[in-house]
Amino acid sequence: MEDGRAVALRGLADHPTTKGQLCPKVNRFLDRVHHPDRILTPLRRTGPKGSGEFTPVTWDDAVAEIGERFRSIIAQSGPAAILPYSFDGTQGVIQKGILARRFFAALGTSDVRRHLCGVTAWLGAADVLGTPRGIDPEDLHLARTVILWGTNTFVTNRHLWTTIEQAREAGAEVIVVDPVRTATAERADRFLQLRPGSDVALVAGLIHVMDRDGLLDPTWLAEHTTDATDLLVSVADATPLTTEARTGIPADEVVAVAHRFANVRPAAVRSLVGPEHRGNGREIMRAIAMLPTVTGAWRDAGGGLARSTQVWWEEAFGLDTEEARLAPPARSFNMARLGEVLTDPTIDPPIEALFVHNSNPAVIAPDQNRIIEGLRRENLFTVVAEQFLTDTARHADLVLPATTQIEHLDLAPAWGHLNVALNRPAIAPMGEAKPNNEIFRLLATELGLDAPEHHESDEDLIRGLLENEHPMLDGITWERLVDDGWARFAIDPGTRPHADTTFTLGPLDIDIAEPEAPFQLISLKQHVAFLNANYAQFPAHLPTPPHPRLEVHPIDASALGVTDGGRVRVHNERGSLTVEATVSDRVQPGLVALPFGWGHSSTPEGRAVNALTNPAVPDDDTGSAAFHDTWVHIEVV
Ligand SMILES: Nc1nc2c(c(=O)[nH]1)N[C@H]1C(S)=C(S)[C@@H](COP(=O)(O)OP(=O)(O)OC[C@H]3O[C@@H](n4cnc5c(=O)[nH]c(N)nc54)[C@H](O)[C@@H]3O)O[C@H]1N2
Ligand SMILES: Nc1nc2c(c(=O)[nH]1)N[C@H]1C(S)=C(S)[C@@H](COP(=O)(O)OP(=O)(O)OC[C@H]3O[C@@H](n4cnc5c(=O)[nH]c(N)nc54)[C@H](O)[C@@H]3O)O[C@H]1N2
Ligand SMILES: [Mo]
C-alpha cells in the first residue's frame with residue numbers, strides 16, 4: 001500500500017497450497033481494481049437498452065427508484081414478477097449472496113436455480129457415493145495412477161498442477177481423458193482423446209476388462225457395494241474392440257489403462273465440470289465415480305475420486321441450514337433458461353424486474369440471442385450490480401457500482417483445496433462502489449425490511465458462519481483468521497472419506513447425443529488469463545491474435561476449404577457468428593472448439609459463443625445446461 005492505493009499484490013509464500021504463486025488470471029488484479037473503465041457511481045440509462053448510454057446518479061436516487069419500481073410491481077403483479085439472477089462473480093461466502101438471498105426471500109420473489117457449474121457433477125457423484133464428497137484433491141500427491149478426467153488442470157486449476165507434478169515425480173502415471181488435446185493433455189503421460197460424450201462407454205470398457213481379467217475383488221464388491229452384478233451385466237458387451245468403436249480409444253489402450261488403474265495404487269480420478277455440460281452429464285459423472293469404486297480405490301489414502309471441494313465449505317458453514325430457514329421462492333427457474341424465462345409469453349406472471357449481481361448472463365448463459373431479446377424488452381426493469389459495464393450491464397436501467405475483492409470483507413473458500421482465507425479489505429472502496437451486502441442492506445431499509453437479519457454487518461456474518469457447530473471448523477476462529485489469514489478445515493491429510501460407505505452401482509447407460517448438424521461445438525475455458533467472462537476486455541489478458549478463433553481439424557478444414565486465419569461462419573438455429581479459423585489437430589474430425597469468455601464485441605455479429613450453445617437442462621430443471629451438446633454448420637466466408 002502507498003497513500004491508500006494498492007501498489008503490489010502477491011501470494012503469501014507460506015500458504016501451503018499456493019506457496020506464493022498467483023494464477024495468471026489474477027496476476028494483474030490491481031490493474032482491474034484501478035482500471036479506468038471501473039464503474040464508480042450508480043448509473044441510469046439514457047439511451048436505448050444495450051446502447052451503453054448512461055448518466056451518473058446518486059445512491060439515494062438509485063435506491064429510491066428500485067424501491068419505487070419493486071413496490072409497484074409487487075402491488076400490481078405480485079413479488080413473483082421480480083427475478084434475482086446471481087452467480088459466481090465472487091465466490092466469497094458472504095458477498096456471493098447471503099444478504100441478497102435473505103432480501104429476496106423476505107419479499108417473496110421468484111429465484112433462479114444456480115446450477116450452471118458443478119451441480120450435475122455433484123448429483124452424478126452422489127448417485128454412487130451417497131454424497132458429493134470425494135477425497136481432498138491435495139491428497140492426489142499420494143496417488144500412483146492419476147486420471148484427470150475431462151478437466152484442464154494446467155489451465156483451470158493451476159495450483160493443483162503442482163500436486164499432480166509431485167505425484168508424477170514420485171512415480172505416478174498421469175492420464176488425461178478429454179476429447180480435446182488441451183494444455184493438460186500435452187503434459188500427460190498418456191492421453192485418451194475420446195469421442196465427445198462417450199465417457200460412459202469408456203468406463204464400461206474399463207470395467208469390462210477389469211472384470212474379464214480378474215482385477216476386481218468379489219469380496220470387496222459384495223461387502224461395500226450394491227447392484228455390482230447389474231453393473232457387470234451391463235458392461236458384458238463392452239469388449240475392448242466394441243469400446244474402441246464407441247469411443248475412438250484403441251483397444252490396447254483400454255486394456256492398459258484398466259490394468260494400470262486397478263493394479264498401481266493408490267489410484268484416483270480428478271474431475272470438475274467439463275463432462276457435466278452435456279445432456280448425459282450426470283450419467284458421465286456417475287460412471288466416473290464407479291471407476292474407483294469397483295476397484296476399491298477408496299481403501300487407500302490418496303485413492304478415489306477428487307471433485308470440487310465447494311461442498312465441504314457449504315457443509316462447514318451450514319449454508320444449507322441458512323437456506324432451509326428462509327421462505328422458499330415464489331417460483332424458481334433454472335438459470336440456463338433465462339432467455340426463455342424473459343421471452344416466453346406463457347410464463348405467468350411475466351418477469352417485470354431482473355436484479356443481477358455477481359453474474360454476466362448476456363455472456364455466460366446459453367441461448368444468448370434470446371437473452372438479449374429479453375434484456376431489450378421495454379417492459380423489463382433491469383438492475384445490474386457490477387464492477388464493469390459488461391454486456392449485461394449495458395442492458396440495465398440502473399447500474400450499481402460494486403467493489404472488488406481487495407475493497408471488501410469476505411471469507412474465501414476454494415475448490416481445489418481445504419484452506420479457507422479471511423479476505424480483509426486492503427483499500428477503501430473505489431469511488432462510490434459498495435460491497436454486495438451493503439447494497440442489500442440499503443435496499444432492505446428502502447423496502448421496510450427492518451429485521452436484524454437484513455442488517456448484519458459483514459464481520460458479524462462471518463463470525464456467525466464460523467460459530468457453526470461443525471467438526472471441520474474446530475479451532476477456526478475469527479481471531480485466528482485475523483492473525484494467520486487462512487486456516488485449513490480440520491480434516492487430516494490422507495483422510496479416506498468413504499472407508500465405511502456402501503456404494504450404489506447398477507447398470508450403465510451408454511447412450512450419447514445424436515448429431516443434429518455436421519459439427520459438434522465445444523466452448524472451453526482455454527485462456528490462462530481469463531476467468532470466465534472476466535478479463536476479456538483487458539488487452540493485456542488477450543491471446544495473439546486478440547480475438548476468439550474456431551479450431552477446426554485439418555481433415556474437416558480441407559473438406560470445407562477452411563484455411564488457417566481464414567474467416568468462417570458458424571451457425572445453427574439459435575445463432576450465427578463470423579470468426580477466424582485455426583486449423584488444429586488439438587480437436588478431432590467432427591469436433592470444433594470456440595473459446596468461452598469473450599464479450600459481444602469480439603465478433604461482427606456482436607455475439608459470443610453462447611449465441612450457439614444448447615440451453616437444454618434435465619427434465620426436472622435440476623443441473624447444468626447441455627452447453628457442449630451443440631451442433632453447428634460451418635461455411636467459409
Ligand atoms: N459456453 C460456455 N458457457 C459457460 C461455461 C463454459 O465452459 N462454456 N462455463 C459455465 C461456468 S462453469 C460458470 S461458473 C459460469 C460463470 O458465470 P458468471 O459467474 O456469471 O461469470 P463470471 O465472469 O465469473 O462473473 C460475472 C461477473 O461478476 C462480476 N463480479 C465479480 N466480483 C463481484 C462482486 O463482488 N460484486 C458484483 N456485483 N459483481 C462481481 C464480474 O465483474 C463479472 O462480470 O459460466 C458458465 N458458462
Ligand atoms: N483460466 C481459467 N481458469 C478457470 C476458469 C476460467 O474461465 N479460466 N473458470 C473456473 C471455473 S468457473 C470452473 S467451473 C473451472 C472448470 O474447470 P474444468 O472443468 O477443468 O474446465 P472446462 O474447460 O469447463 O472443461 C474441462 C475439459 O472438459 C472437456 N470435455 C468436454 N466435454 C467432455 C466430455 O464429454 N468428456 C470428457 N472426458 N471431457 C470433456 C473439455 O474438452 C475441457 O478440456 O475452471 C475454473 N478455472
Ligand atoms: Mo464454473
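Reader: Where is the place of proline 545?
Author: Proline 545 sits in the loop between strand E19 (519-522) and strand E20 (549-552). Strands are DSSP runs of E with at least two residues, helices are runs of H or I with at least four, and both are numbered from the N terminus. This is a predicted model, where local features need pLDDT of at least 70, side-chain atom pairs count only at pLDDT 80 or more, and totals for chains, interfaces and linings use all residues. Residues are numbered from 1 along each chain as its sequence is written, chains are lettered from A and ligands numbered from 1 in the order in which they are written, and side-chain values use heavy atoms, with hydrogens and water left out.

Reader: What is the omega of the peptide bond from threonine 544 to proline 545?
Author: Omega is near -10°, and the bond is cis. Arginine 265 and proline 266 are also joined by a cis peptide bond, with omega about -5°. Proline 266 belongs to the loop between helix H11 (251-263) and strand E9 (267-270).

Reader: What makes the phi of asparagine 532 worth a remark?
Author: Phi is positive there, about 50°, although asparagine 532 is not a glycine. The residue is found in the loop between E19 and E20.

Reader: Why is asparagine 532 called partly exposed?
Author: Buried means under 20% relative accessible area and exposed over 50%, with partly exposed in between (1.4 Å probe, protein chains only). Asparagine 532 has 28%, so it is partly exposed.

Reader: Then why does lysine 19 count as exposed?
Author: Its relative accessible area is 55%, so lysine 19 is exposed. Lysine 19 lies in the segment before helix H1 (29-33). Its phi is positive too, near 45°, in a residue other than glycine.

Reader: And why does threonine 90 count as buried?
Author: Threonine 90 counts as buried because its relative accessibility is 13%. It lies in the loop between strand E3 (82-86) and H3. Setting aside neighbours within four places in sequence, threonine 90 is in contact (heavy atoms within 4.5 Å) with Gln95, Lys96, Asn358, Asp410 and Asn436.

Reader: Which residues of helix H18 are buried?
Author: In H18 (residues 436-446) they are Asn436, Asn437, Ile439, Phe440, Arg441, Leu443 and Ala444. These residues pack against helices H2 (59-77), H3 (98-107) and H19 (458-466), and against strands E12 (353-357), E13 (381-386) and E14 (398-401). Just after H18, glycine 448 takes a positive phi of about 75°.

Reader: Which residues come nearest to ligand 2?
Author: Among the 32 residues around ligand 2 (a heavy atom within 4 Å), Asp178, Asp199, Arg278, Phe530 and Asn532 come nearest.

Reader: How do you know that the backbone of threonine 156 makes a polar contact with ligand 2?
Author: A polar contact needs a pair of N or O atoms within 3.5 Å; within protein, one must be able to donate a hydrogen and the other to accept it, and residues adjacent in sequence count only if both atoms are side-chain atoms. A backbone N or O atom of threonine 156 is 2.8 Å from a nitrogen atom of ligand 2. A backbone N or O atom of asparagine 152 lies 2.9 Å from an oxygen atom of ligand 2, and a polar backbone atom of glycine 274 is 3.2 Å from an oxygen atom of the ligand. Taken alone, ligand 2 exposes 920 Å² (by the Shrake-Rupley method with a 1.4 Å probe), and the protein buries 97% of that.

Reader: Why is ligand 2 said to lie between domain 2 and domain 3?
Author: Domain 2 (119-307) and domain 3 (519-636) both give residues to its shell, so ligand 2 lies between them. The bounds come from an automatic or database domain assignment, which also gives domain 1 (35-116 + 314-488).

Reader: Which domains give residues to the shell around ligand 1?
Author: That shell draws at least three residues from each of domain 1 and domain 3. Of its 29 residues, Ser359, Ile364, Glu386, Ser523 and Asn610 are the closest. A backbone N or O atom of isoleucine 364 lies 2.7 Å from a nitrogen atom of ligand 1.

Reader: How many residues of domain 1 are in contact with domain 3?
Author: 22 residues of domain 1 are in contact with 25 residues of domain 3. The C-alpha centres of domain 1 and domain 3 lie 29 Å apart.
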